[in-house]
Amino acid sequence: MSETPAVVSESRDEVANDQTKKSSTTTHRSGAPLGGSARPVRAKSRPADRIFLGLSTGAAVSIMVILAGVALFLIVQAAPAIAANWATNPGLNVGATAHHNTFWGYVAPLVWGTIFVSAIALILGAPVAIGIALFISHYSPRRLAGVLGYLVDLLAAVPSIVFGLWGVFVIRPFLLPLTVWLNHNLGWIPFFSGQASTTGSTVLAGGIVLAVMILPIITSISREIFLQTPRLNEEAALAMGATKWEMIRLAVFPYARSGVVSATLLGLGRALGETMAFALIVSPSLIFSLKILTDGQNSQTVAANIVLNFPEGTTLQRQALIGTGLILFVISLAVNLVARVIVTRTGPDAKSRKAKKRIEQLPPSDPASVLAIDDVLAGERRAKKDGTARA
Amino acid sequence: MSAPSATRSSVPRGPIVNSLKAGQLPRFIELYTVIGSLALSAGILALIGRLNVVGEAVVSAIVYLVVIGAMSSLVENRRKATDRVVRGLVTVAFLLAMVPLVSTLATVVVRGIGEVDWAFISTTTAHVFNPKTLVVSTSTGALQGIVGTLIITGIAALISIPIGILTAIYLVEYAAGGNWLSRTVTFLVDVMTGIPSIVAGLFAFALFSLLFGPKAVSGFSASIALCVLMIPIVVRSSEEMLKLVSLELREASYALGVSKFSTITKIVLPTAIAGLVTGVTLAIARVIGETAPIFIAASFTDNLNTNAFFGAMSSLATMALTGYKFPSTDLQASIGSAWGAALLLIILVVILNLIARIVARVFAPKGFR
């Protein structure tokens, strides 16, 4: 695979190319050693080959160019706003960016809000997501596993704007009684303190919708990793009389730990960048706030702030928003990097070289790839896995 | 399990218990408990006069977990009780995830179905000022959104699919051993899938405002933003599909002296075509619903704009956003058009997903590993 096939003479090459199927009788001679000549004869490199190699290499390189371009153009456009004097600049001391002395003073509460809200989404969503993954991989009837997994993946196919509207019209009113109850009975906890919301536009509502949106990512990656657990480890645990849950704790979790941590981090990365749900549902203000049940004292996220202020922004304000986007880009890049590194550094048996089975690369995290793989072959793959395990 | 080990040496007295079945709950106990707890919680809620679906689901889930745990720890043992409770918990987790899926789809259909008719699809949004009553009324229409969605997504697909598939071919066919370029690109693709969609929109806006001045919004700009989101998806799914083509097929082809180019185009790609088409279709379905990047890069408009290279352009997703968040004075009509656009969007996504499924089934992969 690594090189063009050797030991094929030029004339044979053309014959083979013309009649791929029928030519086995004419070409099998070419596989024989060519009279002991020391130099292997290489296939002639055709223009089509070279062009195609160039094209595909170029496409691969373009990935790097695009990523570099994203960083570069964001930096170039954000620089004027970051460098500007926010107190005196006429483009910045009006509207949404007034009352902020520097770019960093503007972005700090946004970063806080982003992390705070994502953490809420993660706390609500991750345990459920891992539970679902376990259910699909180990508890559900085997015949149904594929369909059930597909149903969860479908959650990822719903556009974020639809979740946003759903949050506004369904989740907000639905949560109102709970909001009042929590505020009344548990108001001494900082999170639930403050004036309880009357509209439902709370961080709690936004966090719940975000949690729903990160469910499928964490579930699909965790599910794939749970399924990769060496079958023999599981069977050994069961053979010792372990119940299913004990087997999962003894065999599945130790193997899957790093993968699940990475999956959770990828879910966090998704939550950090989610825009629409939060922008539609929550009535925000640019403050450091722990409160999740109020109307006017909600933290704001970077992404939602960009969408809400972009249309009316002056040129410099837009550049300031691009600056906040740059910060978001850096944060989510860092989270993604950590997620990828964790799985390769601390993966199962990462230390022992003899380990035969370890997670090389996380399963695809984007819903489209996950669905595609499910569509095409997941059923087959699982059936095959079972077959080999039984054999 | 429960056979007393102490009696091994002594002769058992009294009725001999069946050691295989003793100390176990009956076989369908979980089903019975589910039915029992549903009935019990319905009774409790009816007594306090708050019988509703949500309360019923929550209370019966709690009742079930408590009852099954208690029964199991009385009859069986603590380990089995834990096992049964965990089984119940993960099942509840799964059911919990189905709630938003069903609820979202039901809400969109119920609220959107009244809005979507032929007039909604075939006209653009228009505002009419009535001088007698001094009221601006809005007639809703989604034509500009539909056209914009198709143009923006179409251009994005035209750019992303070749780059994505060629990159996947490079990664799988040319750099299978793993050189530095392929390792870097694989890593960057993984990282790229994590780029927030809004950042992609800002990138496109930054790029085009550098080139064409500060108010350069266009459909093409939005397409570029979508490309940033779509390329890694296409690469990743195509890569997975190409990896599935069995090595023997390629080796057989090479053994016949077929060149690399011909092997890829005549053997590998045709074998993986169903998977590739499925992956690409789902990638399109993924980006077609993106709102934030299109909103930033193409802004929004009520007018029909078919020129991708000049002027603001709406998509269905941005219509759904602006209808609610930036409504016209006719609030009812604006929100109605938001739901209508959301329903059309869901329909598009469902159609794309169906196409993907059908392609995956009908052109079933042959020669996969």
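Between them, chain A and chain B bury about 9,600 Å², and 75% of this area lies on carbon and sulfur atoms. The values refer to a predicted model. Chain A contributes 110 residues to the contact and chain B contributes 109 residues.

| Feature between chain A and chain B | Value |
|---|---|
| Salt bridges | 2 salt bridges |
| Polar contacts | 11 residue pairs, both residues at pLDDT 80 or more |
| A:Glu246 to B:Arg79, closest N and O atoms | 2.7 Å |

Helix H3 of chain A (residues 47–83) supplies 21 residues to the side of chain A that touches chain B, the largest share of that side. The pair A:Glu246 and B:Arg79 forms a salt bridge across the two chains.

From chain B, the core takes at least three residues from domain 1 (22–113) and at least three from domain 2 (135–362).

When neighbours within four places in sequence are left aside, A:Ile132 is in contact with A:Val152, A:Leu215 and A:Thr219 in chain A, and with B:Ala93, B:Phe94 and B:Ala97 in chain B.

Key. Residues are numbered from 1 along each chain as its sequence is written. Chains are lettered from A and ligands numbered from 1 in the order in which they are written. This is a predicted model: local features need pLDDT of at least 70, side-chain atom pairs count only at pLDDT 80 or more; totals for chains, interfaces and linings use all residues. Side-chain values use heavy atoms; hydrogens and water are left out. Domain bounds come from an automatic or database domain assignment. Contact means heavy atoms within 4.5 Å. Buried area is the accessible area (1.4 Å probe) that two parts lose on being put together, summed over both. A salt bridge is a side-chain nitrogen of Lys or Arg within 4 Å of a carboxyl oxygen of Asp or Glu. A polar contact is a pair of N or O atoms within 3.5 Å; within protein, one must be able to donate a hydrogen and the other to accept it, and residues adjacent in sequence count only if both atoms are side-chain atoms. Helices (H or I, at least four residues) and strands (E, at least two) are DSSP runs, numbered from the N terminus.
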